[in-house]
Each structure stands twice: as C-alpha cells, then as structure tokens.
Amino acid sequence: MPELPEVETTARTLRPRITGRRVTGVRGVDWPRMLPNTSEADMQAALCGHTVTEVDRRGKYLLIGFDDEQWVMVHRKMSGNLLLVPGEMPLEAHTHLVVALEGGEDLRLVDARKFGRVYLFHGRDQLDEFLAERLGPDSLLELDEKLLAAKLHKRKGRIKTLLLDQAFVAGVGNLYADEALWEARLHPLRSAESLSTREVYRLARAIKAVLVMGIERRGTSFSTYRDSDGVPGENQEFLNAYGREGQPCPRCGALIRRIVIGQRSAFFCPKEQKLRSQ
Ligand SMILES: [Zn+2]
C-alpha cells in the first residue's frame, strides 16, 4: 500500500512534468464509486481548459491544484498507481480514469483492486476542511519530538495502532510503522502511556528517518506476489523488520518475529523491542 514516501515520490515525479499544463479531457471512468464526491462529467466541466498550478501531498493524499481553484485529490489505497503516459498508448487493464493533458500525455489511474479514490474540491477551503477532519499532523512536514510527546501524553492504546491512525499522525502505514518502531527499539504493543520521554523522542526521530530514507530510495515496491507495476522503488531492498519474519535482525542477529495486531501483521526484533520499558 502506498504510504507517505510513495505518495511523496509520485508528487515529486509529477510536479515538474504536469505543472503549467492544460487539461484537454477527462474520460475513462468505469467505476463511479471511485469518485465519492464527483463524476466524470463534473470533472470534465471543472478541469477542461484549466492549467495545473500545484502538485502537493498531505499524509497519503496526492493533491493537484488548478488555475480555477479546483483541487483534485487522489488516495491510491491498496494498489492504485497514477501514471503519466503517452496518450496514444493503449489503456492497460484496470485503468479507471484518464485525464488528458495538452502536449499529448495522459494522467491515468490504474488500480486492479479498485480501492483508490479521486475527489474534486471547489476551492482550497473545501479541501482543507476535508483534510482537517481526517488527518493529524503530517508525519514528514509537521511532526517533531515535542509534538509527538504532546499527542501521546496520557493516550491509552498501543503505539503501533496509534501510528496507523491517520487522524493521530498522517502518512505512516503498516510498513513504515514497523520500520520506525524497529529503528526506535520499541515493541509494537507498547502502550502509549508507558513510553518514557526519551523513548518518544527516539520514536519521533525514527519516524522522520525511515520516511526520509524511503523518499530517497523512491519508495518501497513491496508485494508478496512480486507483481508491482510502474517504476519500482528501491526501499524494499533495505527493510530491517517489515516482511522479514524468521530472518536475522540486521542489528543483533535475533530472528525477526511476526505477530498480528488488529488483523494486520507487525514485524519486530524480539531481543531489542521488548514489551516492557527498559
Ligand atoms: Zn535486533
């Protein structure tokens, strides 16, 4: 699932290539549920003839701003990919939206599992309101040691579960949560209130570090079925905990363990990430 580094990589790739370009058409919607607050006709009316002015990101959402103050927001969820391809290229399977750009290229949403969603907002205020209701501070741009400490203060609940809650902090998903907890030597089931200030600070630095490394490596193309499409990232070659059950911890050699928390896997080093505070 694309998390913050994958969405940031997409934004950085698209920004220089689509900013300043005009939309010439919107088509190809074969799955109306992927447009929760708009339709192909609405998007066509709002965007056609208008120019991309900004490409941005908040949490796991990709944001595209236009010169008429409209904003398109894409959440790729499990398997969505946003591809910029020559317009004459045949549509690949599972293409659910095509935004044609001046100059002959298409921005296409390809999503085999159909969980991806595209929203249209009329004005930045409407977009900001939507985001404010759903997202906590951005884990790359806003989260720091003091803010994380303040947010965790007197919070009940498991630390990993909190990290995955986008309203708590935005952008971290299952993979980067495991990597950050490994980096900070914290067991995923530690309760938030049991963390010392030193541990919280360590965690804040670890979150930032794994996200920055993930972006430098252009994201993680991790798939159990090894069928990722588009240009893959490289971060999957450098994972320390996630997906490495039974393999040695790169720091201490103990075998990485997997447990299930809320129906999702959590990978950790049993020797260094203890359930009890050290
Ligand atoms: Zn270890």
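Biologist: How many of the six residues of strand S7 (residues 105-110) are buried?

Modeller: Keep in mind that this is a predicted model, in which local features need pLDDT of at least 70 and side-chain atom pairs count only at pLDDT 80 or more, while totals for chains, interfaces and linings use all residues. Residues are numbered from 1 along each chain as its sequence is written. A residue is buried if 20 or more other C-beta atoms, placed from the backbone, lie within 10 Å of its own, exposed if 12 or fewer, and partly exposed in between. S7 is largely enclosed by the rest of the structure, because the buried share of its six residues is five.

Biologist: Which residue of S7 stands opposite Leu 84?

Modeller: Strand S5 (residues 81-86) runs antiparallel to S7, and six bridges join the two. Across that pairing, Leu 84 faces Leu 107.

Biologist: Which glycine takes a positive phi in the hairpin of S6 and S7?

Modeller: Strand S6 (residues 95-101) is also antiparallel to S7, again with six bridges. Among the facing residues, Ala 100 stands opposite Asp 106, and Leu 101 stands opposite Glu 105. The hairpin has three residues between its strands, and the positive phi, near 100°, belongs to Gly 103.

Biologist: Where do S2 and S8 stand in their sheet, at the edges or in the middle?

Modeller: Four strands form this open sheet in the order S2-S3-S4-S8, and they pair in the antiparallel sense. Strand S2 (52-58) and strand S8 (117-122) each have a single partner strand, so one side of each lacks a neighbour in the sheet; they stand at the edges.

Biologist: What is the bridge partner of Tyr 61 in S4?

Modeller: Five bridges pair strand S3 (residues 61-66) with strand S4 (residues 70-75) in the antiparallel sense. In S4, Tyr 61 is partnered by His 75.

Biologist: At what angle to S8 does helix H2 run?

Modeller: Helix H2 (residues 40-47) lies across S3, S4 and S8. Its angle to S8 is about 45°.

Biologist: Are H1 and H7 parallel, perpendicular or oblique?

Modeller: Helix H1 (residues 4-18) packs against helix H7 (residues 197-216) at about 40°, with axes 8 Å apart. Angles under 35 degrees count as roughly parallel, over 145 as roughly antiparallel, 65 to 115 as roughly perpendicular and the rest as oblique. That makes H1, relative to H7, oblique.

Biologist: Which residues of H7 does H1 meet?

Modeller: On the H1 side the contact uses Leu 4, Pro 5, Glu 8 and Thr 9. Their partners in H7 are Leu 211, Gly 214 and Ile 215.

Biologist: How are H6 and H7 placed relative to each other?

Modeller: Helix H6 (residues 174-183) and H7 have axes that come within 8 Å and cross at roughly 130°. They are therefore oblique.

Biologist: How far is Gly 173 from Met 1 in space?

Modeller: Gly 173 sits in the loop between helix H5 (159-164) and H6. It has 19 other C-beta atoms within 10 Å, so it is partly exposed. Leaving aside neighbours within four places in sequence, its contacts are Met 1, Glu 3 and Leu 164. Gly 173 and Met 1 are 172 residues apart in sequence, yet their C-alpha to C-alpha distance is 7.9 Å.

Notes. Axes are lines fitted to C-alpha atoms, for helices over the stretch in contact, and angles run from 0 to 180 degrees between N-to-C directions. Two residues are in contact if their C-beta atoms, placed from the backbone, lie within 7 Å. Two strands pair if DSSP finds at least two bridges between them.
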